[in-house]
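Dear colleague,

I am handing over the structure below, and after it you will find what turned up when I went through it. Please read the notes with the coordinates open beside them.

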Amino acid sequence: KKKKNKQAMQFAALTKQTRELGAITRFSATEAAQGQLFLARAGFSVQEIISALPGTLDLASAGAIDLGRAADIASNVLTQFRLEAEEMGRVGDVLASTFTRSNTDLEQLSEALKMRWVFLAKVVFKRRSVARNFVVFCLRLQRQLQKRERSFKDLLSASERQPISLT
């Protein structure tokens, strides 16, 4: 009976959150519930879902992607950087700042995070706190993306001055 009561309270808390977020965000209560489901599938507890969902909704809006994909990306970042669910809002802010300043999108940033994670985990985690590591990592990634963009623009500019002959 005690377990059923706890489950009922958790379900009520999740339902309350979906209704509240459905009323104050661009997402409906049903979409918010789907976001909760994606986070649950990623292994989040009920309390973690409640903590992480508002930041996940913000990330989906900022990245102009569907909520399921935002939940997937965000939960991967939290896991990779060993961050708590309460950090989701900050994670979303850092991701949004990174992709908007580096001429990329959230999907591309997510792929870059996957590819570069192992290397940077070895280098950066030895000296800084986990949350700070995430910010430092995104700033470094942003600089790399900006350098590549400049290099590409330089290449285009050079090809306009001296056309490439294919014959």
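In the packing of helix α3 against helix α5, Ala52, Gly55, Thr56, Leu59, Ala62 and Gly63 of α3 meet Met88, Gly89, Gly92, Leu95, Ala96 and Phe99 of α5, where contact means heavy atoms within 4.5 Å and where helices (H or I, at least four residues) and strands (E, at least two) are DSSP runs numbered from the N terminus. The residues of this contact divide into seven nonpolar, five polar and no charged; here Ala, Val, Leu, Ile, Met, Phe, Trp, Tyr, Cys and Pro count as nonpolar, Asp, Glu, Lys and Arg as charged, and the others, Gly among them, as polar.

This is a predicted model, in which local features need pLDDT of at least 70 and side-chain atom pairs count only at pLDDT 80 or more, while totals for chains, interfaces and linings use all residues. Residues are numbered from 1 along each chain as its sequence is written, and side-chain values use heavy atoms, with hydrogens and water left out.

As for the geometry of that pair, α3 (residues 46-63) and α5 (residues 88-101) pack at an angle of about 15°, with their axes 7 Å apart; the axes are lines fitted to C-alpha atoms, for helices over the stretch in contact, and angles run from 0 to 180 degrees between N-to-C directions. That angle makes α3 roughly parallel to α5, a term for angles under 35 degrees.

The protein chain as a whole has seven helices and zero strands, and of its 167 residues 38% count as buried, that is, under 20% relative accessible area with a 1.4 Å probe, protein chains only, whereas exposed means over 50% and partly exposed lies in between.

Two residues deserve a note. Ser110, in helix α6 (residues 106-124), counts as buried because its relative accessibility is 5%, and, leaving aside neighbours within four places in sequence, Ser110 is in contact with Arg69 and Ile73. Glu31, placed in helix α2 (residues 29-41), is partly exposed at a relative accessible area of 33%, and its C-alpha is 9.1 Å from that of Gly68, 37 residues away in sequence.

On confidence, the mean pLDDT (the predictor's confidence in each residue, from 0 to 100) of the protein chain is 78, and 69% of its residues reach 70 or more. Confidence is highest in α3, at a mean of 93, and lowest in helix α7 (residues 130-161), at 60.

Best regards

Note on methods: Angles under 35 degrees count as roughly parallel, over 145 as roughly antiparallel, 65 to 115 as roughly perpendicular and the rest as oblique.
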